[in-house]
Amino acid sequence: MNKLLPYLILLLQISCICYFAPFALHLEQDNSIDSFAVKGKKGEKNYQAFLKDFPEQDYFLIALELTQPILTRKEQEFSEEIFAKFGATPGLEQYYSLHSEIPQSLQQQIIDELGAEKIAQELHFPFLSEKGTLYTAIFELAALSLSEKTVLVDQTHQKIAFLEEKYAGQIRKIYLCGDPIVNYYLGESSEQIKSRLFPLLFGFSFFLLALLFGSVKAVLVSFLTVLSSLTMTMGIFALSGHTLNLLTNIIPTTIFVLTIAMQMHIFLSLAHSESIQEGLRKKIKPNFLITLTTSIGFGSLMTSQVQPIALLGQYMALAMWVIFFWSYLTHLGLSQIIKFKPTPRLSNQAFFPFLNKCAHLSRLYLLFPIMIIGFAIWAVPQNKIESNGLKYFSPEHSIRQDTKKMEEEITGGSTLEILIPRDDSQEYISFDFYTKVAHWEKNIAKLPQIRDVISLESQLQLIHKSILGFDKYTLDSLQFTNPEVLQRIQQEIKRHQEKIYANFLSPNFYRVRLICNSIGSEEFIALQKEIQIISKKEKFSSPVIITGVIARLMEIQNYLHSSLAKSLLLTLALVIFLMAIFIRRVSIIYISLIPNLFPLACMGMVLCLAGIPTTISSVMVFSIAFGIAVDDSIHFLHTFFLHESKGFEVAWQKSLELNGLAVFFTSLVLMGGFSIISFSSFLPIRDFGLLLSLAIFMAFIGDIIFLPLLLRSQKLPKNSTILFILLIFLTSCETKSTQEPWTKRIESVESSKLSLSLIKKLSQDPHELVRAQLIAQVNDPKTLHSFLPEQSWYVRSQMAKNPHISAETAKELIEDSSWRVQQALAQNPHVGWNILKELATLEDWRVRRALMEHPKTPLEEIMKWAKSPSPLIHKEVAQVFAQKTLNEFFDLLDLLEEENFWTAQSRLIENIARNTFANPEILNYLSGEDDWETRRLLSQNHGISPKIQELLAEDKDEDVRLALVDNKKLLPSILEKLAQDKSEKVRKAAVEKLEEKRK
């Protein structure tokens with residue numbers, strides 16, 4: 001060999017590292033939803049339809065918790081000063097707060113007169129928490145690049161730390177949450193892998209190499225090979241304009257794993273060879289086969305419609321050939337120069353007695369991996385999939401703590417965008433269309449997961465409240481009943497706040513932003529179904545479009561889990577098929593199957609038994625573990641079949657002699673290295689390190705115990721085959737229901753009779769909608785009671801609504817942690833008064849409202865609420881009784897009169913007099929009330945009939961007639977009659993109204 005060649009190779013290697021390293025080291029992290037978008041899928045098409053008509057907005061929330069409740073002008077002004085400091089950060093376009101949303105003249109008035117709890121209910125967004133402890137602002141981001149967003153969030157964190165320290169006596173804590181913040185922390189977790197955990201993995205692994213070989217040369221050769229492979233692959237990755245994310249972050253780790261594995265086998269081959277060239281030649285065929293099969297396996301990911309998966313497949317396929325290339329060139333260069341001759345501190349002889357004993361075990365031991373594989377095939381598809389990104393962080397993480405606080409006291413942590421197709425493309429929404437969307441929004445706001453509804457309608461209501469005065473208006477007075485008034489207010493909004501129209505109305509769609517709790521896939525499916533049901537009732541011109549952060553995220557997560565699982569199966573089949581071709585043995589298919597599936601099955605078993613949810617990274621770890629396991633098997637099998645003619649004993653001994661220590665050293669180094677990653681605070685990465693360490697160990701067990709048992713007979717034992725087939729058959733039967741789409745499983749529940757066996761099977765269904773539909777149809781109280789341990793509030797609420805619920809079950813549900821379940825119980829007409837009585841002790845207003853409407857709730861109980869000092873409860877009672885019959889209304893009035901609750905009686909009458917949708921018979925009765933104030937309030941009611949208008953137009957009290965003039969739904973004939981009224985005030989007001997209408 002030319003003496004200059006090794007130095008030229010080393011120079012080439014160092015030059016490549018120096019060229020590619022700067023690009024590889026400066027790769028950016030991008031975990032935004034756009035980077036994971038699923039091309040061609042329905043969700044992405046919906047989102048593109050959204051972007052065509054509306055601007056993309058990114059925002060986060062900042063909430064101040066002061067040491068004193070924020071109820072005075074001084075505290076508000078201080079809070080607004082703090083928000084202004086944040087708003088001055090470059091990259092923040094604008095912010096919205098209580099101060100910016102409400103006219104200044106009304107701000108202190110509504111705080112003084114209504115209090116924090118009422119404010120939180122009145123505004124279209126609760127800038128002030130009901131307890132008055134959190135003061136919130138929405139900060140809207142400008143169009144920023146990835147690096148600019150990172151800088152912006154960094155600066156916001158720095159300001160939070162500075163302000164909390166500077167104003168320690170006034171500010172207790174500042175909370176920060178929102179989708180940009182989640183993406184920031186995802187990037188930070190990714191950066192932690194690159195800057196902290198990966199260097200530890202790197203250093204610890206090379207430290208073990210030094211111990212195992214007792215030579216710095218072994219570390220130097222390995223380090224140079226790994227560094228060359230990493231920098232070249234990641235450098236090409238960076239030069240192609242790509243960024244790292246949660247998936248592509250796995251590329252460096254996988255390159256490291258596969259490079260070390262290949263180096264170990266070359267090291268042990270060199271140890272048993274006379275020269276470096278001879279040692280390399282012995283391993284070139286198995287290493288070439290490993291490179292080919294693994295690159296084809298990873299290459300199958302390139303068909304994915306998710307770019308990070310396609311990139312992962314593309315660059316890992318490239319990396320395999322880069323690893324193969326540098327693994328050999330390093331030894332032809334550096335190893336030649338330093339005259340590297342690996343000498344392991346441990347010898348094969350130390351292992352032979354144990355390994356030979358393993359090779360002579362009974363073939364019945366094969367039943368053990370077969371049973372583990374069978375269990376994993378059954379259990380893994382049923383394991384819980386965690387699709388809520390917030391739960392990827394530890395419970396103590398600041399993003400989870402801040403979001404939890406925000407969801408408890410202010411609003412939700414994620415958004416959904418709803419596009420309602422318009423009936424026309426006019427500049428303003430028509431009155432008929434407004435009526436539909438207003439009713440739709442009212443029903444949507446009642447859904448349990450929805451926290452706030454922000455739309456043009458919410459802005460219209462805010463303007464109305466400001467005009468009427470926050471201390472005087474009624475909910476019914478906000479309903480537009482006059483098309484001219486609706487259009488006039490729309491014109492005012494567009495004139496003064498053009499951006500509102502740009503954000504919520506286009507020629508094609510009416511946009512509604514729903515702010516909801518951070519939820520997983522099952523809760524999202526339930527919410528999506530409820531939205532679709534409500535939308536169908538309104539009979540819009542075409543189906544509504546559901547998009548936004550959650551909708552896109554759920555589609556991406558579902559696609560990732562399904563596509564990664566399919567690619568793993570495809571890779572497994574393809575790799576084993578190629579092994580059979582190159583080794584020229586059909587028997588290799590079933591010989592290599594059990595040892596390589598065993599480590600994957602062990603991971604699946606731990607995944608299920610330890611309660612670790614399935615995430616993207618835990619699915620990815622299966623592919624990597626399979627790559628390691630099959631690589632070691634190929635080395636064992638290649639050597640074994642070269643010496644097979646000499647008999648099993650000699651062939652297996654030769655295989656162990658050349659590969660045993662290499663597999664052991666590889667397993668030891670990688671297990672130690674990956675155990676470091678399991679200390680990550682980011683749960684998917686922690687699980688990745690934990691599961692991969694387990695898989696590496698189990699792959700070693702599979703190769704030294706189960707592989708020789710299979711090679712000894714070259715066929716599966718008869719009883720093992722029967723058991724394996726039986727397990728697969730039973731698995732396919734058990735998992736049939738979970739493999740069908742959840743909509744099909746719901747249809748099967750609706751169309752079939754519920755036998756005990758079917759109830760038992762469906763009660764374990766992974767989707768809560770299937771379980772909820774099952775519970776809704778159960779007609780046996782005992783069976784219903786058995787579902788009490790159910791974790792989903794949605795399923796428990798269906799239990800509470802079931803007409804066959806027993807008193808025992810109902811009593812258990814009274815103590816439920818979710819108000820939604822208690823509300824469902826209070827709405828069940830089959831529940832007895834003894835249960836309702838206990839529910840009446842709860843303070844939640846939604847449960848109380850349901851009890852008021854319950855047919856079994858006695859008037860005496862409603863009377864207790866009617867005499868409450870709270871104006872909010874008075875309105876609730878009035879809204880319920882406004883819909884009842886005249887006799888029921890009289891009964892409550894009589895009861896209040898008997899108990900001498902005159903104030904409660906008058907408040908009830910006044911609130912009903914304001915109610916636009918009250919029973920006409922009750923309104924007709926109130927028109928004859930002796931109290932002039934009641935008649936005056938009735939005059940302002942838009943829902944009074946023409947007959948009542950006529951009666952009030954002749955009322956003896958001037959103030960009543962004057963109030964009637966301002967009724968926006970007053971008939972023109974009545975207004976003309978009032979223009980002739982005997983009172984000068986009434987005549988003047990009526991004439992002005994007539995002139996205004998003529999204009």
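Here is a chat about cavities, cysteines, a serine and a helix in a predicted model.

Biologist: How many cavities of 30 Å³ or more turn up in the whole structure?

Modeller: Keep in mind that this is a predicted model. Searching the whole structure gives 8 cavities of that size.

Biologist: What volume does the largest cavity have?

Modeller: About 430 Å³.

Biologist: And which residues lie nearest its centre?

Modeller: Those are V182, L186, G389, L553 and Q557, out of 27 residues that line the largest cavity.

Biologist: Which element gives the largest share of that lining?

Modeller: That's α20, with 7 residues. Both α7 (179-213) and α20 (549-583) supply at least two residues of the lining.

Biologist: How do the lining residues of the largest cavity divide into nonpolar, polar and charged?

Modeller: You get 15 nonpolar, 11 polar and 1 charged.

Biologist: OK, what about the second largest cavity, what's its volume?

Modeller: About 130 Å³. The lining there has 13 residues, and T294, G297, F298, T571 and S623 lie nearest the centre. Two or more lining residues come from each of α10 (276-299), α20 and α22 (616-642).

Biologist: How many of the residues lining the second largest cavity are nonpolar, polar or charged?

Modeller: The lining has 6 nonpolar residues, 7 polar and no charged.

Biologist: Switching to cysteines. How many disulfides does a search of the whole structure find?

Modeller: The count is 0.

Biologist: Is C18 buried or exposed?

Modeller: C18 counts as exposed, at 54% relative accessibility.

Biologist: Now S518. Where is that one?

Modeller: S518 is in the loop between β7 (509-516) and α19 (521-538).

Biologist: Buried or exposed?

Modeller: S518 is buried: its relative accessible area is 17%, and the cut-off for buried is under 20%.

Biologist: What is S518 in contact with, leaving aside neighbours within four places in sequence?

Modeller: S518 is in contact with N388, L390, T403, E407, G413 and S414.

Biologist: Last one, helix α29. How many of its 10 residues are buried?

Modeller: In α29 (residues 768-777), 8 of the 10 are buried, so the helix is largely enclosed by the rest of the structure.

Biologist: Which residues of α29 are the buried ones?

Modeller: They are E768, L769, V770, R771, A772, Q773, L774 and I775.

Technical notes:
Residues are numbered from 1 along each chain as its sequence is written. This is a predicted model: local features need pLDDT of at least 70, side-chain atom pairs count only at pLDDT 80 or more; totals for chains, interfaces and linings use all residues. Side-chain values use heavy atoms; hydrogens and water are left out. Buried means under 20% relative accessible area, exposed over 50%, partly exposed in between (1.4 Å probe, protein chains only). Helices (H or I, at least four residues) and strands (E, at least two) are DSSP runs, numbered from the N terminus. Contact means heavy atoms within 4.5 Å. A disulfide is a pair of cysteine sulfur atoms within 2.5 Å. On a 1 Å grid over the protein atoms alone, a cavity is a set of points where a 1.4 Å probe fits but cannot get out, and a pocket is an open set with protein on both sides within 12 Å along at least five of seven lines; lining residues have an atom within 4 Å of a point. Grid points are joined across faces, edges and corners, and a volume is the space filled by probe spheres set on the points. Ala, Val, Leu, Ile, Met, Phe, Trp, Tyr, Cys and Pro count as nonpolar, Asp, Glu, Lys and Arg as charged, and the others, Gly among them, as polar.
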